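This briefing is arranged by topic for a reader working from the coordinates. Please consult the sequence and structure shown here alongside the points that follow.

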Amino acid sequence: MTVFKSDFMRIVHERGMVHQCSDAARLDELLASGSRTAYIGFDCTADSLHVGSLLQIMMLRWWQKTGHKPITLMGGGTTKIGDPSFRDEARPLLTDDQIDVNMAGIRKVFSKYLTFGDGPTDAMMVNNADWLDTLLYIPMLREVGRHFSVNRMLSMDSVKLRLERDQPFSFLEFNYMILQSYDFVELFKRHGCIMQMGGSDQWGNIVMGVDLGRRLQSAELFAVTTPLIATSSGAKMGKSMAGAVWLNAERVSPYDFWQYWRNTEDADVGRFLKLFTEMPLDEIARLEALSGQEINEAKKILATEVTALAHGRQAADEAAETARRTFEEGDRADSLPTVNVPRMRLAAGIPAFELLHEAGLAASRNEARKLIKGGGARLNDRPIASDTAVVGDGDLDTSGTLKLSAGRKRHVLVKAA
């Protein structure tokens, strides 16, 4: 195993966070000799990031913690085109107002993980619309476009897969990798940024930026990517029965976020502790070695530590305590996620499968029916007997509340409003 001089390279390699790295030895040498600047780009396609972006966020966090300056690049410009990487179709085009709203939501995510400010290692948030929106087409073609080989662009997996499947691929999307490469050069010129990080699907785009920086600025730039994360059973990281696991509390409550990590598969506990927490490796090794029922304690620690980073220590401890009371003591726990339903609707009766879907316990009404038929749905801790069952105001307790459950670990309170 390579012995690294710099703290950043040592930590991220020890924790299994690196998939590919261009000229690792030279990068390590530069990082060991002083503070450097790196960035990751995030397009503003939603008002939050989800768990699928968490590994990249943790890379930026470790970058800052080891004495370097992180840049979070917001794709105010590139979002207007949409990253085509490994997508079957073009992203929907957003208005400037939608992009601004999404950018504000994403900013809240980063404020939990990074320290922003004017200091030498404080994080910066930069919007690539600042330079992309002012580019002139003909000068861009002459100065930048001439350095890109169409043959090479067509060989990129993200492009090749779409063409092989005979799926539409617009000229607009084809320009995305040129603009991403140009972002790298612009950040080098403006902020001395020498490295771009991203997911493994971004390797080709990032390397093209490294090459463009060398051609235009004689710059020594670097690329680092993180591995694609899937669960041991092959499920895509960041998806739950109710949909994407978002990092903003407005989209997914701290309790539901905690529960997502608590439900980690046994074989993934050690790996996820390394990737998504800052716990020491020797302690992770101890937890990873647990077996049987004891592994559940490691899962609780994983859930609490990841939630503490995303939502704060208090919210994480409250989520853990709510879970303990709910599952170990059988309490209803008022801090469970809550949805309000008009009392008149309950008085008329609501199909149980419909209420399960509205409460976020099933991604669709069909999934809710399957959940009921499979015996996994409960009303007030009793199995829902049939997918034709109706929930009414007679199911409310004296406080006007009922409890819906999906399996043993996911619960929502429904309150009559």
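**Briefing**

D23 counts as partly exposed because its relative accessible area is 47%; buried means under 20%, exposed over 50% and partly exposed in between, for a 1.4 Å probe and protein chains only. The model is predicted, so local features need pLDDT of at least 70 and side-chain atom pairs count only at pLDDT 80 or more, whereas totals for chains, interfaces and linings use all residues. Residues are numbered from 1 along each chain as its sequence is written, and side-chain values use heavy atoms, with hydrogens and water left out.

**Backbone: positive phi**

- D23 is not a glycine, yet has a positive phi of about 50°.
- The loop that holds D23 runs between β1 (20-21) and α2 (24-32); helices (H or I, at least four residues) and strands (E, at least two) are DSSP runs, numbered from the N terminus.
- S218, also not a glycine, has a positive phi of about 50°.
- S218 belongs to the loop between α11 and β6 (222-226), and with 67% relative accessibility S218 is exposed.
- For context, most residues other than glycine have a negative phi.

**Helix packing: α10 and α11**

- Helix α10 (residues 176-191) and helix α11 (residues 203-217) have axes that come within 8 Å and cross at roughly 55°. Axes are lines fitted to C-alpha atoms, for helices over the stretch in contact, and angles run from 0 to 180 degrees between N-to-C directions.
- The relation of α10 to α11 is therefore oblique; angles under 35 degrees count as roughly parallel, over 145 as roughly antiparallel, 65 to 115 as roughly perpendicular and the rest as oblique.
- The crossing of α10 and α11 is right-handed, that is, the near helix is turned clockwise from the far one by less than a right angle.
- Among the residues making the contact are Y176, F184 and F188 of α10 and I206, G209 and L216 of α11; contact means heavy atoms within 4.5 Å.
- Eleven nonpolar, six polar and one charged residue make up the contact of α10 with α11. Ala, Val, Leu, Ile, Met, Phe, Trp, Tyr, Cys and Pro count as nonpolar, Asp, Glu, Lys and Arg as charged, and the others, Gly among them, as polar.

**Helix packing: α12 and α15**

- Helix α12 (residues 254-262) packs with helix α15 (residues 295-311) at an angle of about 140°, their axes being 8 Å apart.
- α12 is thus oblique to α15, and α12 passes α15 in a right-handed crossing.
- P254, F257, W258, W261 and R262 in α12 meet residues of α15 including K299, L302, V306 and H311.
- The contact of α12 with α15 comprises eight nonpolar, four polar and three charged residues.

**Cysteines**

- Zero disulfides are found in the whole structure, a disulfide being a pair of cysteine sulfur atoms within 2.5 Å.
- C21 has the sulfur of C193 as its nearest cysteine sulfur, 14 Å away, too far for a bond.
- C21 is partly exposed at 22% relative accessibility, whereas C193 is buried at 0%.

**Individual helix residues**

- I99, in helix α4 (residues 96-113), is buried with a relative accessible area of 2%.
- Not counting residues up to four places away in sequence, I99 touches C44, G76, T79, K80 and L94.
- The C-alpha atoms of I99 and M74 are separated by 9.8 Å, the two residues being 25 residues apart along the chain.
- K160, in helix α8 (residues 157-164), is partly exposed at 34% relative accessibility.
- Leaving aside neighbours within four places in sequence, K160 contacts L154 and S155.
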